[in-house]
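Biologist: Can you put the model up and walk me through it?

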Amino acid sequence: MFLDLSLAAATTPSGDPTLKPGLDPSSVTPGTLGFLATLFVVVLVIFLIRDMVKRIRRVRYTAEVEQARAQREGAATGSDPDATDLQRPARGPDDAGRGMPGGKHGPDNR
């Protein structure tokens, strides 16, 4: 195996790149179809990344609003917003009827 590797490292490529006889250069390139497939994958990845960023931003803003709401409620009732989990009200659906971000495995349910 080491002999094969040393032989491969010792050989120098010829300066003129040529194909085997009988091969057409257009048959060994990806062509238009390969370009379109690659373009489709790139556009798809861009849309997926934009959607992921939008969803992460929405979760972060929802958490900030929830934290601000908890601080306002804590200030109104006079309780400490950093109280233990036993003193916090149970997390349920928000006012619109949607579940809270993170679900039952979220960061506040450890």
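**Surface and helices**

Modeller: A nonpolar surface patch is formed by Phe40, Val41, Leu44, Val45, Leu48, Ile49, Met52, Val53 and Ile56, with about 820 Å² of accessible area together. Patch residues have over 30% relative accessible area and no salt bridge; nonpolar side chains (Val, Leu, Ile, Met, Phe, Trp, Tyr) are joined within 5 Å, like charges within 9 Å. Areas are Shrake-Rupley with a 1.4 Å probe, and for residues only the protein chains shown count as cover. This is a predicted model: local features need pLDDT of at least 70, side-chain atom pairs pLDDT 80 or more, while totals for chains, interfaces and linings use all residues. Numbering runs from 1 along each chain as its sequence is written, and side-chain values use heavy atoms, without hydrogens and water.

Biologist: Where does isoleucine 56 lie?

Modeller: In helix 2, residues 31-77. Helices are DSSP runs of H or I, at least four residues, numbered from the N terminus.

Biologist: What span does helix 2 reach?

Modeller: From first C-alpha to last, 69 Å over 47 residues, close to the 69 Å expected; that expectation is 1.5 Å times one less than the number of residues.

Biologist: What follows helix 2?

Modeller: Glycine 78, with a positive phi near 85°.

Biologist: Switching topic, how many salt bridges?

Modeller: One, counting a Lys or Arg side-chain nitrogen within 4 Å of an Asp or Glu carboxyl oxygen. Arginine 55 pairs with aspartate 51, closest N and O atoms 2.9 Å apart.

Notes
Helices (H or I, at least four residues) and strands (E, at least two) are DSSP runs, numbered from the N terminus.
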